[in-house]
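Colleague: I'd like to learn how to read a structure at the level of side chains. Could you walk me through one, feature by feature?

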Amino acid sequence: RKIIVFVVLIGTSVFLSACGEQAATNNATNKQANAANNANTSKPDTAAVEGDVKKMIADFEAALNKNDADAVGKFYADDYSLIDQNGEMQTKASRLEQIKSGKVKWEGLKFNDLKVRTHPAGDGAVVYSRATGKTTMDGKTEERNSMVTWVMRKGPDGWKFIHAQITDIKAGAQKPSEEKPAAANTAPANK
């Protein structure tokens, strides 16, 4: 019985002493290496990233207004998807086919009030904008007044749209500054 207690005590001592060793990432050499690596990691210039994204969207706007499917296609990632103003899901191929066939055309399309939120690494962005101008779909022309949200990524071939959603703004929609505060609960309390 004494032997078992002795073996358990020795085993426990070895285990606890092993757990008490300084972690490899905490030793002085690793701390210096980590500090050097972190110092060499530069954060992307957010203003430059936003400038690149805004230029890309201006170029995209020009391609849409020319109704040039080949030029528009260069802005879409291969896995691009769109939820259009009618709630229909489209792919890169289906969207480009609409442009090539003339099913959809743009005239005087403008993206205004762009807001860009960048990923901290500088390789992704979410952008939203108001879209105005004329759109012709299936031969029917209408004035466009929509909000567009894009999800973008930067790869070896530059910035690409990976997803977009278009939401039409209905007449009479409240602007954020016109929102009314929630009404106070005036119901009598249960007694």
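Modeller: Let's start with burial: a residue is called buried when its relative accessible area is under 20%, exposed when it is over 50%, and partly exposed in between. By that cut-off F111 is buried, because its relative accessible area is 10%. Bear in mind that this is a predicted model.

Colleague: Which share of the 191 residues in the protein chain is buried?

Modeller: Buried residues come to 26% of them. The accessible surface of the protein chain is about 13,400 Å², with 54% of that belonging to carbon and sulfur atoms.

Colleague: What pattern does the chain follow along the sequence?

Modeller: You'll find 5 helices and 6 strands, and they run α-α-α-α-β-β-α-β-β-β-β. The strands make an open sheet with mixed pairing, in the order β2-β1-β6-β5-β4-β3. Since β2 (89-91) and β3 each have a single partner strand, they stand at the edges, so one side of each has no neighbour in the sheet. On average, neighbouring strands are turned by 20 degrees against each other, direction ignored.

Colleague: In which sense do β1 and β6 pair?

Modeller: Parallel, over 4 bridges. To find the spot by eye, look for S81, which stands opposite H163 in β6. Then there's helix α3, which packs on the sheet and touches β1, β3, β4 (124-137), β5 (140-155) and β6. The direction of α3 makes about 170 degrees with that of β3.

Colleague: How do I read aromatic pairs?

Modeller: The general idea is that two numbers describe a pair of aromatic rings: the distance of the centres and the angle of the planes. Here the structure holds 9 aromatic pairs. Take F60 and F75: their ring centres are 5.4 Å apart and the planes sit at 70 degrees, so this pair is edge-to-face. F60 belongs to helix α3 (residues 46-65) and F75 to the loop between α4 (69-73) and β1 (76-83), so the pair ties together parts 15 residues apart in sequence.

Colleague: Is F60 buried or exposed?

Modeller: F60 counts as buried, because its relative accessibility is 4%. F75 is buried as well, at 14%. F60 also pairs with F111, and that pair is stacked: 6.2 Å from centre to centre, with 10 degrees between the planes. This one links helix α3 to strand β3 (residues 104-118), 51 residues apart.

Colleague: Which residues form one aromatic cluster?

Modeller: F60, F75, Y76, Y80, F111, W150 and F161.

Colleague: And what about charged side chains?

Modeller: In general, side chains of opposite charge can pair when their charged atoms come close. In this model the count is 7 salt bridges. One of them joins E61 and K110, whose closest N and O atoms are 4.0 Å apart. E61 is in helix α3 and K110 in strand β3, so the pair ties together parts 49 residues apart in sequence. E61 counts as buried at 14% relative accessibility, whereas K110 is partly exposed at 44%.

Colleague: What partner does D78 meet in a salt bridge?

Modeller: K92, at 3.2 Å from N to O. D78 lies in strand β1 and K92 in helix α5 (residues 92-101), so parts 14 residues apart in sequence are tied together. D78 is exposed at 71%, while K92 is buried at 18%.

Terms used
Residues are numbered from 1 along each chain as its sequence is written. This is a predicted model: local features need pLDDT of at least 70, side-chain atom pairs count only at pLDDT 80 or more; totals for chains, interfaces and linings use all residues. Side-chain values use heavy atoms; hydrogens and water are left out. Rings of Phe, Tyr and Trp (its six-membered ring) pair if their centres lie within 6.5 Å; planes under 30 degrees apart count as stacked, over 60 as edge-to-face and the rest as tilted. Helices (H or I, at least four residues) and strands (E, at least two) are DSSP runs, numbered from the N terminus. Buried means under 20% relative accessible area, exposed over 50%, partly exposed in between (1.4 Å probe, protein chains only). Two strands pair if DSSP finds at least two bridges between them. Axes are lines fitted to C-alpha atoms, for helices over the stretch in contact, and angles run from 0 to 180 degrees between N-to-C directions. Contact means heavy atoms within 4.5 Å. Accessible areas come from the Shrake-Rupley method with a 1.4 Å probe; for residues, only the protein chains shown count as cover. A salt bridge is a side-chain nitrogen of Lys or Arg within 4 Å of a carboxyl oxygen of Asp or Glu.
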